[in-house]
Amino acid sequence: MQLIDTHTHLDFEMFDHDRAQVIARSQDAGVERLVVLGVHEANWQRVWQLACEQPNVYAALGLHPVFIEEHRDEHVQQLRDWLQRLHGNAKLCAIGEIGLDYYVEDPNVERQHELLDAQLALAADFALPVLLHVRRAHAPMIATLKRHGLARAGVVHAFSGSWEEAREYLRLGFKLGLGGAGTWPQAQRMHRVLKQLPLDAIVLETDAPDIPPAGYAGERNSPELLPDICRMLADLKGVSAEELAAASYRNSCELFGWPRP
């Protein structure tokens, strides 16, 4: 199987002692490319350095809603500066992780929307796809995306919404990022949605080190587990793992503008 992990956080400290080995093992397992996402201004340099050092790692930069208290107005301008400086560099593949999170305690909804709007505007200016974090906020996110009307869409990461919400994202041109969460027996709604999703809607991800798949409770998630995630999701969908892997690979290349070998 050829696979692309469209959402990882390999820059996190949890990988400091064996990051190179994880990347090597992932490649051996068939994971050809990995997208590492920035979440706040302080980790953009670390993410970018990792992408520059590792041939199969690509970077996305953004301001994550969970870290809302860390973000400053000047960080949006600094993100613009980064995007301007890296414009046209093949190692920069998206803006992310950005979005809305109404699940956190006392969410600053107004501030979240301000930052989301600013970053969606940057995505339009630089013609980059967006990698979206959405928790308990699908309706406002869909409304926001309709208002912006991006020429290039992106991925709704770790999607766990309803079929109706999935259909709205698909109409807007978005792919749905599926990973470990959907492999657990209790994810019954996701299993029903998965059966209805067309293969051209799906990209695979790990969100490593978070959201490990079924059978790995309490363990660090890793891109090397993406083949297991693919096999479990394929079984739930009723297709072969090879068929799901090929579709996800094709969709990911289309999304990021990568040539398929």
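The protein chain has a mean pLDDT of 97, and 100% of its residues reach 70 or more; pLDDT is the predictor's confidence in each residue, from 0 to 100. This is a predicted model, in which local features need pLDDT of at least 70 and side-chain atom pairs count only at pLDDT 80 or more, while totals for chains, interfaces and linings use all residues. Residues are numbered from 1 along each chain as its sequence is written, and side-chain values use heavy atoms, leaving out hydrogens and water.

**Confidence by element**

- Helices (H or I, at least four residues) and strands (E, at least two) are DSSP runs, numbered from the N terminus.

**The sheet**

- Eight strands make an open sheet with parallel pairing, in the order β1-β2-β3-β4-β5-β6-β7-β8; two strands pair if DSSP finds at least two bridges between them.
- β1 (3-8) and β8 are the edge strands, each with a single partner, so one side of each has no neighbour in the sheet.
- On average, neighbouring strands of this sheet are turned by 30° against each other, direction ignored. Axes are lines fitted to C-alpha atoms, for helices over the stretch in contact, and angles run from 0 to 180 degrees between N-to-C directions.
- Strands β4 (residues 92-101) and β5 (residues 130-135) run parallel and are joined by five bridges, with Leu100 opposite Val134 in β5.
- Helix α4 lies across β4 and β5, at about 160° to β4.

**Nonpolar cores**

- The largest nonpolar core has 67 residues, of which Val130, Leu132, Phe159 and Tyr169 touch the most other members. Such a core is a set of buried Ala, Val, Leu, Ile, Met, Phe, Trp, Tyr and Cys residues joined through side-chain atoms within 4.5 Å.
- Helix α4 (residues 109-126) supplies the largest share of this core, six residues.
- A second, separate core of 15 residues includes Val35, Ala60, Ala94 and Leu131.

- Tyr102 sits in the loop between β4 and α4 and is partly exposed, at 26% relative accessible area. Buried means under 20% relative accessible area, exposed over 50%, and partly exposed in between (1.4 Å probe, protein chains only).
- The side chains of Tyr102 and His113 form a polar contact of 2.8 Å. A polar contact is a pair of N or O atoms within 3.5 Å; within protein, one must be able to donate a hydrogen and the other to accept it, and residues adjacent in sequence count only if both atoms are side-chain atoms.
- Ser252, in helix α9 (residues 241-256), is buried at 0% relative accessible area.
- A polar side-chain atom of Ser252 lies 2.8 Å from the backbone oxygen of Ser248.

**Backbone details worth a look**

- Cis peptide bonds join Gly96 to Glu97, with omega about 15°, and Ala208 to Pro209, also with omega about 15°.
- Glu97 belongs to strand β4, whereas Pro209 is in the loop between β8 and α8 (226-237).
- Ala127, in the loop between α4 and β5, has a positive phi near 55° without being a glycine.
- Arg136 is another non-glycine with positive phi, about 50°; Arg136 is exposed at 65% relative accessibility.

Technical notes. Contact = heavy atoms within 4.5 Å.
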